[in-house]
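Subject: Structure for you to look at

Hello,

Here is the structure I said I would pass on. Please look through it first, then read the notes below.

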Amino acid sequence: MSLSSLYVQASLGLLELVPRAPAVPQPDAGGDAPAVLKGLVTLGLNIVAWAGTAAGVAGVLITGTMMAVSHKRGETSEHMSRLGMVLGGCILVAAAGPLVQFVFDFNG
């Protein structure tokens, strides 16, 4: 008996000692998520979208207030860049839903 055949037999013997993993369940081709899960995910996404919109409005209001106070004091500051960042975030929050809809085509 050669060394390589002994190696193969030992490997096969060790493989028999390893416990087998359970079979992975295969979903149906036309399967769909449970209605309860869909509702919870939709609720969560709606809350996140609302919070993003509220944060954008708060950011614009805070930046505007800071601009007004700085103008009253005669100070100069880079409020326009801050306002640009806030408005960019607002655009990102507003465009997130349509972008995901376009990329993943959830309507079929």
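Which residues of α2 are buried? They are G56, G59, T63 and S70, where buried means under 20% relative accessible area, exposed over 50%, and partly exposed in between (1.4 Å probe, protein chains only). Part of what covers these buried residues is α3 (79–104).

This is a predicted model, in which local features need pLDDT of at least 70, side-chain atom pairs count only at pLDDT 80 or more, and totals for chains, interfaces and linings use all residues. Residues are numbered from 1 along each chain as its sequence is written, and side-chain values use heavy atoms, with hydrogens and water left out.

The mean pLDDT (the predictor's confidence in each residue, from 0 to 100) of the chain is 80, and 87% of the residues reach 70 or more. Where pLDDT is low, the predicted coordinates should not be read in detail.

The chain has three helices and zero strands; helices (H or I, at least four residues) and strands (E, at least two) are DSSP runs, numbered from the N terminus. Helix α2 has 39 residues and spans 57 Å from its first C-alpha to its last, close to the expected 57 Å, which is 1.5 Å times one less than its number of residues. After α2 comes G74, with a positive phi near 80 degrees.

Of the 108 residues in the chain, 6% are buried. V18 lies in the loop between α1 and α2 and is partly exposed, at 47% relative accessible area.

Regards

Definitions and conventions: Contact = heavy atoms within 4.5 Å.
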